[in-house]
Amino acid sequence: MNRKSIHIRLSEAKSSAGSVKDLDIQIGKIKGEQWDEKEGPTPFPDHAALRTWDRTLLSRYKPLYLPFCDLCCLCTYGKCDLSGGKRGACGIGMEAQQSRIVLLAACIGAATHISHGRHLVDHLLEKMERRTLIDVGGSNVDVEAPMIRLVCGMKPKTLGDLETVLDYLESQMTELLAAAHTGQESDPLDFESKVFHAGMLDHVGLEVADIAQISAFDLPKAEPDAPLVDLGLGTINAEKPVILVIGHNVPPAIDIIKYSREHDLSGKIEVTGICCTAIDLTRFDPSAKIVGPISWQLRYIRSGVPDLIVVDEQCVRADLLIEAGNIQAPLIATSSKNCAGLVDRTDDNPDDIVADLISGTVPGVLILDPLKVGEVAVRTALASHETRKTKKTSSIPTAEELIEFAKRCGGCMECTRACPNETPLPDAMKQAATGDLSPLADIYDTCIGCGRCDDVCNKEIPIHSSLVAAAREKVLDEKYSVRAGRGAIQDIEIREVGGPIVLGEIPGVVAFVGCANFPNGASEVAEMAREFAKRRYIAVASGCSAMAIGMYRNEDGQTPYEEFHGRFDAGGIVNVGSCVSNAHIAGAAIKIASIFAKRNLRGNYEEIADYVYNRVGAVGVAWGAMSQKAAAIAAGFWRLGIPVIVGPHGAKYRRMLLGRKDHDEDWYVFDSRTGEKVQVGPVPEHLFVTAETKEEAMVLIAKLCTRPNDTSRGRSMKLTHYIDLYKRLYGIMPDDIHLFIRSPADIPITMKEELLPILQEKGLQDRIIPDPTLLKSQIRKQKGGSS
Amino acid sequence: MSGQDSWLRAEMGGTKQASVISKPEVLIALLKKSKRPLIIIGHETISDSVRTDILIRMISEFQKTKGIPILSTSHIAGQVMERGVKISGVLGSMEIIDRLRDPTWKGLDGKGQYDLVLSAGFSYSLGWLLFSGLKQGAPETKIISLDPKYHPHASWSYANMKTDSWKAEIERLIELLHTENTQQKMEEAHV
Ligand code: SF4
Ligand code: SF4
Ligand code: SF4
């Protein structure tokens, strides 16, 4: 992409003749720091530049579409019935329509992260110099921005350099969104390729946002030993004024902490958070408290504990003003993306705003200046705490009230029919009416806190609050810890694990990411993470999944973050941070190619993705993926060749990318040493797949960590885990082991006796292990020619 | 509870909705027309203890009397086999739908694609998508949903039913399969 840019900044120009400080003029291509690495073929790529790579992947992993319904209703020609091979009025078919929906989701997700990045960078540049240095790990991190280097072909040095990256991302996003218009793209695979592009842009946007905030707010800089922070409703001291922050954009919350520090109020108020704002706030101040994932919004607010609610952007419930009103807590909205219908008081005197909030003249305000939010929030919370003492502020029923509510239940089943997890509420209500609250308390564990049951009960039972009431003891006992988000992975860590990962001797990197739309509660994520950490995989976590992992205690009373170390090394559980910190997970895979294998990153996407795909045994697990952002994050992993597993609700993304292990012909790679085509088996078998149960997910994780490059030792270790998990969780032997055994040396030694007869029956092979690539350009010695 | 609307209220099907299985004879008739039927079972076959016993008896009966192969999704194969049912294949729920929509798939026995899929034991929302994927990807394949919740994306489905009424229906189905099989055997013995 040819970038023309003129940028002139005159800070402190006093008069036409007087002193001009900080004159900063740039004309032409902005390239960040000077960089002598050879530029690859695709700096600032548009979608078409990487279309061939996408199609290479998509020829192996073909989309399976799972439409919600038969119809398209996107334009006024419609609705159109696309079932049974019919086409819409615009000519589109069902597969292209579904892939368009996936593209829209990925675009919404990527736009959200990119705009978050823009918002952060703009905000920071109002306060800091453009030339403020990017620093994500001091001398421990040389490759500060692997995604940006790889995609944009530039090495960002300063906060100002990030603007160039954002310009690129925004222009690309506009193009992608345009492709979803009626009468544009028509081919499902081209839509899918654009989905990949959105995903790649998303990861660049994530990286911009996180490296900006790490540098500017001095968040942990690639620290394996980042402090443990409190997690859970039970950790909060409701005797103090309590502020609740919700969302993803941390500056207002940071200004709350700063204001309280400056006014000697630290320790006198509780700053608590839900979702990624909470994670990022604890990266800034480990004394802040994380309440829990996104699904904790209703239960926490209804408990009446927060004296004030501050919302910013993303994953904030749209009914929080109502919920806040129910517990008589004022609400401050802080993002132009989520104004909540409130009057903009950004330019008003803080005294007036506080007075209006405390008197209840207004239920909430919009304040778009984080600094002012800091002051107004702290002052309002202090006063609100006092006034709320005399009011009924909890909407959770008492046990007696709950039993009375339960007696009203007529067993109509409407609540279960509204519940995403089809929880057995009517039976539990029946029991509760007799005084036995335990079935309702059990449902608390699997409830995702959506509140849909409340809305459909024609007996007006406050069902969700009833669950919280029934689980009162459990709720008070939610006292856990999570390691604060460490940010990037150090170069030295990559150097140490690069070899073992690429050779397969560390059996895999498993990234638990994404939201909290869990089919059976948060504990399943902890269970999976512990299983793989114990098996000496590297478990990585971010966002709500990182919290879910923390909400567990072993028999010794330790949370997983106490039980396992935080280094990017075998047996670790590594919390990188919030949603935007997911960039460091993809970044680690890319850094293996650059730091360990010395491949050039600069504008060299295809080669690096091919490297990661064939060599780095990494898998993403988004067990509760809910959002469009999660779709975009997954898409960024797909383009890098990293498979993603979602839970059963993830099937609602309506498209899988599945390989066919029964198609031998799909699994050839080139041996880059000779140019020969070599059959390597179905590794990794899928790029995007839903697992029905955690057991299925665990087996899939082990299986999807296999790569063509595994040494025999590495492969046999990976297979040991796969077979062991399969036998334990499925109760039988897997029927596809022969597909992964390239030669007798791959057979796990401890299982040899058991496996040999099976393998001999299927025909034991003796295939070479190639230096694998999907790209002809990577063949060093062309057949019949010189290298 | 009205019988023929989506069990999860917010799910909306489309222009073609499943016919309701009003009596087990319907299923027997459909099976007679099918050349290559397949049973697929999801994890709720085991995890939903209310349904487990009767579903296991039902699929065993299909297997014994009609020789229909059973494919289990998720991780339940071992537990189903412990109950005396022969499992012919294990694949993920997405993997089996992916194969069922491929006309060149050789099937679990290498003899070719299936024309009728009997399904049970999936959560409603997952079943919804599996059936929709198959309905769109293999419009000629018949899908029969045997769970007690109405699934518009199937070709044939039970209506939304109270557990007891559904169990009674399945008992009648098992009985019918059994009698029909005995009769057939007797007729064969006569011949
Ligand atoms: S976009 Fe096409 S298929 Fe969709 S409603 Fe419009 S004309 Fe119909
Ligand atoms: S709030 Fe909980 S119980 Fe109610 S519908 Fe949502 S998930 Fe189900
Ligand atoms: S919707 Fe209300 S009345 Fe109906 S079963 Fe649920 S709790 Fe009972």
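Visitor: What kind of model is it, and how is it numbered?

Guide: It's a predicted model, where local features need pLDDT of at least 70, side-chain atom pairs count only at pLDDT 80 or more, and totals for chains, interfaces and linings use all residues. Residues run from 1 along each chain as its sequence is written, chains are lettered from A and ligands numbered from 1 in the order in which they are written, and side-chain values use heavy atoms, leaving out hydrogens and water.

Visitor: What's the mean pLDDT of chain A?

Guide: The mean is 94, and 95% of the residues of chain A reach 70 or more. pLDDT is the predictor's confidence in each residue, from 0 to 100.

Visitor: Where does pLDDT stay under 50?

Guide: Over residues 1–29 of chain A. Where pLDDT is low, the predicted coordinates should not be read in detail.

Visitor: OK, new topic. What's the strand order in the open sheet?

Guide: In chain A the order is S3-S19-S22-S18-S17-S14-S15-S16, eight strands with mixed pairing. Strands are DSSP runs (E, at least two residues), helices are H or I runs of at least four, and both are numbered from the N terminus. Two strands pair if DSSP finds at least two bridges between them.

Visitor: Which strands stand at the edges?

Guide: S3 (62–65) and S16 (573–577) of chain A; each has a single partner strand, so one side of each is left without a neighbour in the sheet.

Visitor: And in what sense do S17 and S18 pair?

Guide: Parallel, over three bridges, between residues 618–622 and 644–646 of chain A. A:Ala622 stands opposite A:Val646 in S18(A).

Visitor: Switching to helices: at what angle do H19 and H23 of chain A cross?

Guide: Roughly 90°, with the axes of H19 (491–503) and H23 (583–596) of chain A coming within 9 Å. Axes are lines fitted to C-alpha atoms, for helices over the stretch in contact, with angles from 0 to 180 degrees between N-to-C directions.

Visitor: Which residues make the contact?

Guide: Among them are A:Ile494, A:Arg495 and A:Val502 of H19(A), and A:Lys591 and A:Ile595 of H23(A). Contact means heavy atoms within 4.5 Å.

Visitor: Last one: which residues surround ligand 1?

Guide: They include A:Cys72, A:Cys75, A:Cys80, A:Cys90 and A:Arg100, counting a residue if one of its heavy atoms lies within 4 Å.

Visitor: And which are around ligand 3?

Guide: Including A:Cys409, A:Cys412, A:Cys415, A:Cys457 and A:Lys459.
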